[in-house]
Amino acid sequence: MDASLEKIADPTLAKMGKNLKEAMKMLEDSHRITEEENGKKLLSGDIPGPLQGSGQDMVSILQLVQNLMHGDEDEEPQDARIQSIGEQGHIALLGHSLGAYISTLDKEKLRKLTTRILSDTTLWLCRIFRYENGCAYFHEEEREGLAKICRLALHSRYEDFIVDGFNVLYNKKPVIYLSAAARPGLGQYLCNQLGLPFPCLSRVPCNTMFGSQHQMDVALLEKLIKDDVERGKLPILLVANAGTAAVGHTDKIGRLKELCEQYGIWLHVEGVNLATLALGYVSSSVLAATKCDSMTLTPGPWLGLPAVPAVTLYKHDDPALTLIAGLTSNKPADKLRSLPLWLSLQYLGLDGIVERIKHACQLSQRLQESLKKVNHIKILVEDELSSPVVVFRFFQELPGSDPVLKAVPAPNMAPSTVSRERHSCDALNRWLGEQLKQLVPASGLTIMDLEVEGVCLRFSPLMTAAVLGTRGEDVDQLVACIQSQLPVLTYTLQLREEFKQEVAGTAGLLHVDDPNWPGIGVVRYEHANDDKNSLKLDPEGEKIHAGLLKKLNELESDLTFKIGPEYKSMKSCIYIGMASDDIDVSELVETIAATAREIEENSRLLENMTEVVRKGIQEAQVQLQKANEERLLEEGVLRQIPVVGSVLNWFSPVQPSQKGRTFNLTAGSLESTEHTYVYKVQGTGVTPPQTPSGTRTKQRLPGTSACQKPFKKSLRGSDALSETSSVSHIEDLEKVEPVSGGPEQEALEANSPEQHPGAPTPQEARQAGAFHNRAQGPEDDRPQVEEPESLR
């Protein structure tokens, strides 16, 4: 069996099978009871697939599961999330198999075992997270615990709710308060689970003037509660955050607890910062959560444990109400939900649990301290050093203008300008996030869109570090990658306005304003037949832009070019990507315009040539038909009869003239081949005009050296200097006078081309003399040349 399990490529699957086999050996009795088969056996042909025959062995079944998980590829599966779960992950997965096996025990043993597992796990969690004398509810869905707590609060505040049902709620409507920074969809989920209408939800705004932008406004919450009480409503529950889902901010839980006690409201707390309760030092804002009525913990992501349930800890003295609300159950299967967590906590121990949470907090602090030293990076959670969540974004202030790409725009800016800069900033930050996710996948970086700040990047190691195995070196690599990408963002931002102006001043090009594109810009070429006021399909424009994209990508520059948009309701455009260096925008725009015009001219030339060839073929068909008629008249009808024609041709052969036609593509006309047959030489015809060249492949642009890529400004001064020096050197060579000099030079300069049409010009004479001197060597060895008569 062990040798067969080694054939399984997936290490996690093989390990699970081995652990399950060993656990079953330890727990099973030595005697195995075999049951006889009952009922009529079905024919094999009636059941398709692997059920045919006598069944499959475990290795075959695991192989089938592996193929379903990873496909049928031959290569070894590379799932970093599964392979990095560690031994504690295998323990958690084994708990599900053991839970199914334990459920087969007799009722008395099962009751004792499940009670022990549930009580142990509850006690350990309450002690670790400082929630004394609490009860625990284990659930698979993370929001399920809050729904049960809401049901418990309803039964606690409405005594006749069990008997009268919704009639009690109708007379006095309940109110559930949620923060505006709560995770999306939470309120809708609660209403669906409880059967309440949406007006029973009350969203509490966050601080707008003072404090954090993601903390609940306590003063406004108190005003809302007073208004609801005056209207005859009954506030029953408040959901607070110890680390919001977006940026990890913690509400003022101590002040909220006092307010809830004043109005008899149930206080429930959730959030990632609750994990820090297991550490030695806990901030006062998070420590206040231990006094709340209930809290929801997610130890699975915090400790890197797969398939581990979430836990809702609560305090309530009435077991009947908790049973009605569904927080407690007499079913053994419900009690066995805590078994994977029971096994994992024992495997890790208190030191292992604290070490994992502490490691995640240290990673976030390390990144936060490093980002403070990086320019153009803004941290959104700077006021909460204890938060294990780091949220940051890119911004830049251009010299001589208002700050751009900031979280809050200037109040004097126009709404259109604010919207455009906001979308532009979001596009750049989204591009930065995608690059960092690819460069440092172990960081677990996520991209999120906040209502006020826009697109930001979030680093939450408590939710990802234990699963991905994030280390301090990964954080340093993330900071290095951010610094390496900042010049690209800076250059791109600076070149956008220049690119827009250059395109506006170039004939035939139209700048397309697409703020969601993170590159330099978007441009469209307007050809001769382009309908500028229509957005319908433009086949000719698509053809030109496709050829333009191919030519631009062949230039081997550092820029990336794409064609878009993908949907067909808009015309094709060229999307220019990010700039990694200082780009010569004028040269870029000029190249795009010239290449597009060239493609359009070549396309029209090809269309004209196609039309000429078509007309030439039609004319050739007409002339061939006329030639056949002339031959028929010349030879007579009798010669066309097969037998008679051969006899006549034998007695009186016909000497046909060699007549043919050739089609001249340049002239677009038919010409006779008589010249070819008579002189045995093919005529040259008309000299074809020069065709516009469509080959710009890998050519060197003007002003660029052989080793320099296109569109770059660097080294252009040195290239221009070398070209200038080479030209001046040629001019100096032209000014060199012959060594002989004397009267001969004066005679050459005195005789102009008008006086002597055949005589060389003075410049030609000087060049000839210089060449003569260089060719003959030293003056003593030169042979004496007799002067011409015209020079004497």
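Phe129 counts as buried, at 4% relative accessibility; buried means under 20% relative accessible area, exposed over 50% and partly exposed in between, with a 1.4 Å probe and protein chains only. This is a predicted model, in which local features need pLDDT of at least 70 and side-chain atom pairs count only at pLDDT 80 or more, while totals for chains, interfaces and linings use all residues. Residues are numbered from 1 along each chain as its sequence is written, and side-chain values use heavy atoms, with hydrogens and water left out.

**Aromatic pairs**

Searching the whole structure gives two aromatic pairs. Rings of Phe, Tyr and Trp (its six-membered ring) pair if their centres lie within 6.5 Å; planes under 30 degrees apart count as stacked, over 60 as edge-to-face and the rest as tilted. Here they are side by side:

| Pair | Centre to centre | Angle between planes | Class |
|---|---|---|---|
| Phe129 and Trp302 | 5.9 Å | 55 degrees | tilted |
| Trp517 and Tyr575 | 5.0 Å | 75 degrees | edge-to-face |

Helices (H or I, at least four residues) and strands (E, at least two) are DSSP runs, numbered from the N terminus. Trp302 is buried as well, with a relative accessible area of 2%.

Trp517 counts as buried at 18% relative accessibility, and Tyr575 counts as buried at 12%.

**Around helix H6**

Helix H6 (residues 107–128) has 22 residues and spans 32 Å from its first C-alpha to its last, close to the 32 Å expected at 1.5 Å a residue; the expected span is 1.5 Å times one less than the number of residues. Among the buried residues of H6 are Leu110, Thr114, Ile117, Asp120 and Leu125.

Arg130 is also in the loop between H6 and S1. Its phi is near 60 degrees, a positive value in a residue other than glycine. Arg130 counts as partly exposed, at 31% relative accessibility. His376 has a positive phi too, about 65 degrees, although it is not a glycine. You will find His376 in the loop between H17 and strand S8 (377–379), where it counts as partly exposed at 29% relative accessibility.

**Charges over rings**

Two tyrosines deserve a look. Arg143 lies over the face of Tyr189, at 4.2 Å from the ring centre, and Lys315 lies over the face of Tyr131, at 4.6 Å from the ring centre. A charge sits over a ring if NZ of Lys or CZ of Arg is within 6 Å of the ring centre and within 35 degrees of the ring normal.

**A threonine in a loop**

Thr244 sits in the loop between strand S4 (234–241) and helix H12 (253–263) and is buried, with a relative accessible area of 3%. The Thr244 side chain reaches two backbone nitrogens: that of Val247 at 3.4 Å and that of Gly248 at 3.1 Å. A polar contact is a pair of N or O atoms within 3.5 Å; within protein, one must be able to donate a hydrogen and the other to accept it, and residues adjacent in sequence count only if both atoms are side-chain atoms. Not counting residues up to four places away in sequence, Thr244 touches Ala181, His214 and His249, where contact means heavy atoms within 4.5 Å.

**Cores and the whole chain**

The largest nonpolar core has 59 residues, and those with the most contacts inside it include Trp302, Val269 and Leu274. Such a core is a set of buried Ala, Val, Leu, Ile, Met, Phe, Trp, Tyr and Cys residues joined through side-chain atoms within 4.5 Å. Helix H17 (residues 339–371) gives the most to this core, with seven residues. A second, separate core of 30 residues includes Leu154, Ala182, Cys200 and Leu321.

Val269 touches Leu274, Met295 and Ile253, among others, not counting residues up to four places away in sequence.

Over the chain as a whole, the secondary structure comes to 27 helices and 17 strands. Of its 792 residues, 40% count as buried. Residues 24 or more positions apart account for 67% of the contacts with a separation of 6 or more.
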